[in-house]
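Thanks, everyone, for making the time this morning.

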Amino acid sequence: MKMYELVSTVKRDYIVDLARQGKRTDARALDQYREVSVETGLIENAQGSALVKIGNTQVLAGVKIQRGEPFPDTPSSGVLMVNAELRPIASPTFELGPPDENSIELARVVDRGIRESEAIDLDKLGITPDEEVWMVYIDLHALDYDGNLIDAASLAAVAALWNVKKPQVEGWTLDEFPVVKKPVAVTVAKIDGKLMVDPSLDEQNVMDARLTITTTEDDNICAMQKGGIGYLTVEEIKAAYELARIKAAELRKHLG
Amino acid sequence: MGKPEKLIVDGKRLDGRGPDELRPLKIEAGVLKRADGSAYVELGKNKVLAAVYGPRELHPRHLQQPDTAILRCRYNMAPFSVDERKRPGPDRRSVEISKVIREAFEPVVFTKLYPRSGIDVFIEVLQADAGTRTAGINAAAVALADAGVPMRDLVSSVAVGKVDDMIVLDLTKDEDNYGTTDMPIAMLPRKKVITLLQMDGHFTPEEFERAIELAMKGCEQIYEAQKQALKAKYSTKPEEE
């Protein structure tokens, strides 16, 4: 399975050339997202769900809450599990089979943003210490891949968590689901030394590197992940943080 | 072992280090017979081996690229390398780490010189004590050089983090488990650019900037040790001439 597709030299030169002038193929500004939409509660059988669209990219996230066993080192805390499926429905380059490094990376980057920001108060999700706790499964389903899956999946996951009403599961005693923060991931791509947010598929195919920065409401950083085969300078990383801080605040508005 | 009361006492860490000190570091080049290049790294209690095979004909053939070699990295932890036996084989963590390590090396290896070939980097963690991916990268860089693979630069790597509200270099396992933040970084030491950056935990923007600076200083020390390891193997000593 490939996240990057073969690009003709003509197209590559065109995108790189535009980037040099601070322009993009779809006439966006470098610091502009494609149109973002968040719809929640579409899946009645899930405790929470959200469909996020960023341009043509679509990711559906579903939250399921079930009883399970705690980890030995946190006997009375709930368990968070994030899984991502890049199914062949979403792209001609996605193939059937077990999760590959791209879906694993996607799931783990989304997971770290939620886990490290302590967006869910897992300590409240114990049932019987050492025996039973609530498991929170977030499953991310890519439906249409036109670049920047990380931001779409991350936004969908957090939107789905906030969509969990008082779970209709047997034995649930809390008044509400303990979700307390809204971490937001912003991916910045670098093309020929220029930084841009929300890379489209074409831009992702020619970019040197990307940096995803997940921030919380107080502008602090809770997770980062560099990807791609190029490098970043320290100045570029600092500039990427500034972009992430501003754009995360915008994206967070979609979470209500 | 439970959570220590404090991880930093009077400005010193539990193992006696200051905040900006590396653990004892040992690097040896060319430790395996059959591999084209290899290296062994000890960083504190970490013991990591790296081996490079290639450039060589790439199998399966459908992966071959007509204009370039492909670089493959496999990070693996031995089942006995951690407290609780680790189930052998790749898990989600090691698949992700293998990916980011490969991406850390892509900018330095002249892959275009070897069309249709593969360059395989195998990293085996024999004993783990936090910072295994950084120790693995440091070993792999020396192993690639030992294999004679043309490179633009070495790659040097270290983790920084936040422990008891202090920014510290090269976290131990307890500091990683009970501290606030872990941020592994890999750097090209001559060009001073970053090819691996991951972070989880909590940083204010100011802490983040200080952490990056500290990491880059740490990488420079590691770079010196990597060069020494290569010189120790390849420089001719006057008495042998």
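Please keep in mind throughout that what you see is a predicted model. Let me begin with helix 4 of chain B, which lies across strand 3 and strand 4 of that chain and runs at about 35° to strand 3 of chain B.

Those two strands belong to an open sheet of five strands in chain B, whose order is 3-4-5-7-6 and whose pairing is mixed. At its edges are strand 3, residues 25-29, and strand 6, residues 70-77, each of which pairs on one side only, and from one strand to the next the twist averages 15°. Within this sheet, strand 4 (residues 37-43) and strand 5 (residues 46-57) of chain B are paired antiparallel over seven bridges, and if you want one place to look, B:Gly37 has B:Val52 in strand 5 as its bridge partner.

Now to the contact between the chains, which takes 26 residues from chain A and 25 residues from chain B.

Which strand of chain A is joined to strand 11 of chain B? It is strand 10 of chain A, residues 221-227, which runs antiparallel to strand 11 of chain B and is joined to it by four bridges; here A:Met224 has B:Met199 as its bridge partner.

Conventions. Residues numbered from 1 in each chain as written. Chains lettered and ligands numbered in written order. Predicted model: local features only at pLDDT ≥ 70, side-chain atom pairs only at ≥ 80, totals over all residues. Contact = placed C-beta atoms within 7 Å. Pairing = 2+ DSSP bridges. Axes fitted to C-alpha atoms, helices over the stretch in contact; angles between N-to-C directions.
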